[in-house]
Amino acid sequence: MSTIKHCLGIRLLIINFGLISFCLWGCKKEPVLPTANVIIQNEYFERLDSVMLSNQKIGKLEVMEQSKVLQIQAGNYGFSCLTKSNLEITANVKIVGSKNNVFLVVKNNGSVTIE
């Protein structure tokens, strides 16, 4: 008789553990978007004016100059700037979360890369 009670007790314990686990891990949680430290670098052959990433205004960047570190959430963003000679450079960039700095580089041919 005590063996049966022992088995029933273990079964109830396992069922309770399963229900508690389901409640704890099955509850809907807000997704945590990772962040990235983004640095914009100008490798274009002239100064970049009015540099913007999404709605964050960076200002101007001289040739081979880097911006200050921008901490932003991962996602898709619009990038735009005007060159010294009024050429507009635009791009849509996808920023992913990273422990390391993410470099958004304006290349000498006007392309924008993420490194």
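**Entry 1: Val38 and its strand**

I looked up Val38 and found Leu70 of S4 opposite it. The model is predicted: local features need pLDDT of at least 70, side-chain atom pairs count only at pLDDT 80 or more, and totals for chains, interfaces and linings use all residues. Residues are numbered from 1 along each chain as its sequence is written, and side-chain values use heavy atoms, with hydrogens and water left out.

I noted what a strand is here: a DSSP run of E, at least two residues, numbered from the N terminus. Two strands pair if DSSP finds at least two bridges between them. Strand S1 covers residues 35–42 and runs antiparallel to S4, with 4 bridges joining them.

**Entry 2: the sheet around S1**

I traced an open sheet of 4 strands, ordered S4-S1-S7-S8, with mixed pairing. Strands S4 (70–73) and S8 (112–114) are at the edges; each has a single partner strand, so one side of each lacks a neighbour in the sheet. Neighbouring strands here are turned by 30° against each other on average, direction ignored. For such angles, axes are lines fitted to C-alpha atoms, and angles run from 0 to 180 degrees between N-to-C directions.

I reminded myself that strands of a sheet pair through backbone hydrogen bonds, either parallel or antiparallel.

**Entry 3: the other sheet**

I then followed an open sheet of 4 strands in the order S3-S2-S5-S6, where the pairing is antiparallel. S3 (56–61) and S6 (88–95) stand at its edges with a single partner strand each, so one side of each has no neighbour in the sheet. The twist from one strand to the next averages 20°.

I checked the pairs. S2 (residues 48–53) joins S3 through 4 bridges, and Met52 has Lys57 as its bridge partner in S3. S2 also pairs with S5 (residues 75–83) over 4 bridges; Asp49 stands opposite Leu82 there. S5 and S6 are joined by 8 bridges. Gly75 has Ile95 of S6 as its bridge partner. In the hairpin of S5 and S6, 4 residues lie between the strands, and Asn86 takes a positive phi near 65°.

**Entry 4: the core**

Which residues touch the most other members of the largest nonpolar core? I found Val38, Ile40, Leu53 and Phe79, in a core of 20 residues. S6 gives the largest share, 4 residues. A nonpolar core is a set of buried Ala, Val, Leu, Ile, Met, Phe, Trp, Tyr and Cys residues joined through side-chain atoms within 4.5 Å. Buried means under 20% relative accessible area (1.4 Å probe, protein chains only).

Conventions:
Buried means under 20% relative accessible area, exposed over 50%, partly exposed in between (1.4 Å probe, protein chains only).
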